[in-house]
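I opened this entry to keep track of what I looked up, going from the whole chain down to single residues.

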Amino acid sequence: MNYRRIRRYIQKKVKNTFEKNRLLEKYRTREKRRVEDIVKKVTATLVETARVYSADIVRENLRDMKMNSKKVSRKMNYRLQTLPYRKIISNIDYKACERGSNVIEADAKRFLITCSPCRSVDKRNRVDSKFKCKKRGGLA
Ligand SMILES: [Zn+2]
């Protein structure tokens with residue numbers, strides 16, 4: 001159902017102002033509830049998938065969130081990019097914490113694999129929690 005179309009239809013066809021406002025309010029509430037429902041479902045699926053694959057959830061910025069695992073479907077990542085962000089983020093942080101998954105800010109992640117003396121950024125710089133620069137072969 002397309003709520004924008006419904007709204008436009010009401011604006012155009014309903015002449016009585018009181019009735020018009022009543023209807024608009026009704027569909028506004030319904031749409032809001034529907035979005036909240038989707039957010040809840042997506043969050044639950046995301047966090048559960050992260051747990052199953054032991055993947056970290058990487059948040060690149062407010063508009064771009066991806067799962068750090070190739071096994072996570074493109075469709076899933078796409079859905080994540082088209083939903084109300086702040087709501088999802090607070091939901092995910094809470095749920096992920098509850099289930100023991102990590103939510104990582106991409107900048108923080110980049111920082112973890114950057115060698116500060118030579119500035120090389122390499123995923124292999126960090127094995128588990130130990131840092132060793134691949135380029136120089138030494139510790140930072
Ligand atoms: Zn280095």
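**Confidence and layout**

I began with the confidence of this predicted model, and found that among the elements of the protein helix α1 (residues 3-13) has the highest mean pLDDT, 88, whereas strand β2 (residues 64-67) has the lowest, 52. For the protein as a whole I noted a mean pLDDT of 76, with 74% of the residues reaching 70 or more.

I then listed the elements, which come to 5 helices and 5 strands, and from the N terminus on I read their order as α-α-β-β-α-α-β-α-β-β. Looking up contacts between residues at least 6 apart in sequence, I found that 43% of them join residues at least 24 apart.

**Core**

How many of the 140 residues count as buried? I found 9%. The largest nonpolar core has 5 residues, namely Leu-46, Val-47, Ala-50, Ile-57 and Ile-92, and helix α2 (residues 17-52) gives the most to this core, with 3 residues.

**Lys-20**

I next turned to Lys-20, which lies in helix α2, and asked why Lys-20 counts as partly exposed. Lys-20 is put in that class because it has 15 C-beta neighbours inside 10 Å, while a residue needs 20 or more to be buried and 12 or fewer to be exposed.

Again leaving out residues up to four places away in sequence, I recorded that Lys-20 touches Ile-10 and Val-14. Lys-20 and Ile-10 are 10 residues apart in sequence, and their C-alpha atoms are 6.5 Å apart in space.

Methods:
Residues numbered from 1 in each chain as written. Predicted model: local features only at pLDDT ≥ 70, side-chain atom pairs only at ≥ 80, totals over all residues. pLDDT = per-residue confidence, 0-100. Helix = DSSP H or I, 4+ residues; strand = E, 2+ residues; numbered from the N terminus. Contact = placed C-beta atoms within 7 Å. Core = buried A, V, L, I, M, F, W, Y, C linked by C-beta atoms within 7 Å.
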